[in-house]
Amino acid sequence: TERLMLASLQKDLPRKLISGTDQRLVQYLRARMGSRTTEIMRALFLDSANRLIGEEEFGTGSPQRILIQPRSILKRALELDASGIILAHNHPGGNALPSSKDVKFTQCMKLLCLELEIRLQDHIIISGHKWTSFRKLRLL
């Protein structure tokens, strides 16, 4: 079942090196947010060896938009002493491509992360069984 898969993936991820294109990470994100009917943002916080040290959901969303403050994600990254962040959000409408607002938000986060010496490793969009990565699209 989905619940067992989610538990297994949650257990395995902290011990592994994480990258935005890791298929286990994509499976995990699909299980966590692929069927949600409103947009949500997740941030995965990584240590200097790219191991998961924390994960949280941020923002409030509607079916087509999410309202989020970059400072809330960055504040948590600093509290965890994270060296890297992978952002992930869903598109309930079925289109896995980033919107212009997604691109603008990600560029803003990238600049802020640079100032704080935190690597913004990727921003993944999940839409049902489809997904894309800003890094894969060369937007990061």
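Keep in mind that the model is predicted.

**Exercise 1. Work out how strand 5 and strand 6 pair, and how the chain gets from one to the other.**

Step 1: Locate strand 5 at residues 84–90; its pairing with strand 6 is parallel and runs over seven bridges.

Step 2: Follow the chain out of strand 5, through helix 4 (residues 100–115), and into strand 6. That β-α-β crossover is right-handed.

Step 3: Check how covered strand 6 is. It spans residues 119–127, and eight of its nine residues are buried.

**Exercise 2. Find the sense in which strand 6 and strand 7 pair, and look at the hairpin between them.**

Step 1: Strand 7 covers residues 130–133 and pairs with strand 6 over four bridges, in the antiparallel sense.

Step 2: Pick a bridge to look at: isoleucine 125 has threonine 132 in strand 7 as its partner.

Step 3: Now the turn. Two residues sit between the strands of this hairpin, and glycine 128 has a positive phi near 60 degrees.

**Exercise 3. Search the whole structure for aromatic pairs and classify what turns up.**

Step 1: The search gives one aromatic pair. Its members are phenylalanine 45 and phenylalanine 58.

Step 2: Take the geometry: the centres are 6.4 Å apart, and the planes make an angle of 80 degrees.

Step 3: Phenylalanine 45 is in strand 1 (residues 41–46) and phenylalanine 58 is in strand 2 (residues 52–58), so the pair ties together parts 13 residues apart in sequence.

Step 4: Are the two residues buried or exposed? Buried means under 20% relative accessible area. Phenylalanine 45 comes in at 0%, so it counts as buried. Phenylalanine 58 has 8%, so it is buried too.

**Exercise 4. Say which charged end sits over the ring of tryptophan 131, and how far it is from the ring centre.**

Step 1: The charged end belongs to lysine 136.

Step 2: Its distance from the centre of the tryptophan 131 ring is 4.2 Å.

**Exercise 5. Describe where arginine 32 sits and how far it is from asparagine 90.**

Step 1: Arginine 32 is part of helix 2 (residues 23–33).

Step 2: Its relative accessible area is 26%, so arginine 32 is partly exposed.

Step 3: Arginine 32 and asparagine 90 are 58 residues apart in sequence, while their C-alpha atoms are 9.8 Å apart in space.

Terms used
Residues are numbered from 1 along each chain as its sequence is written. This is a predicted model: local features need pLDDT of at least 70, side-chain atom pairs count only at pLDDT 80 or more; totals for chains, interfaces and linings use all residues. Side-chain values use heavy atoms; hydrogens and water are left out. Rings of Phe, Tyr and Trp (its six-membered ring) pair if their centres lie within 6.5 Å; planes under 30 degrees apart count as stacked, over 60 as edge-to-face and the rest as tilted. Buried means under 20% relative accessible area, exposed over 50%, partly exposed in between (1.4 Å probe, protein chains only). A charge sits over a ring if NZ of Lys or CZ of Arg is within 6 Å of the ring centre and within 35 degrees of the ring normal. Two strands pair if DSSP finds at least two bridges between them. A crossover is right-handed if, with the strands pointing away from the viewer, the path from the first strand over the helix to the second runs clockwise.
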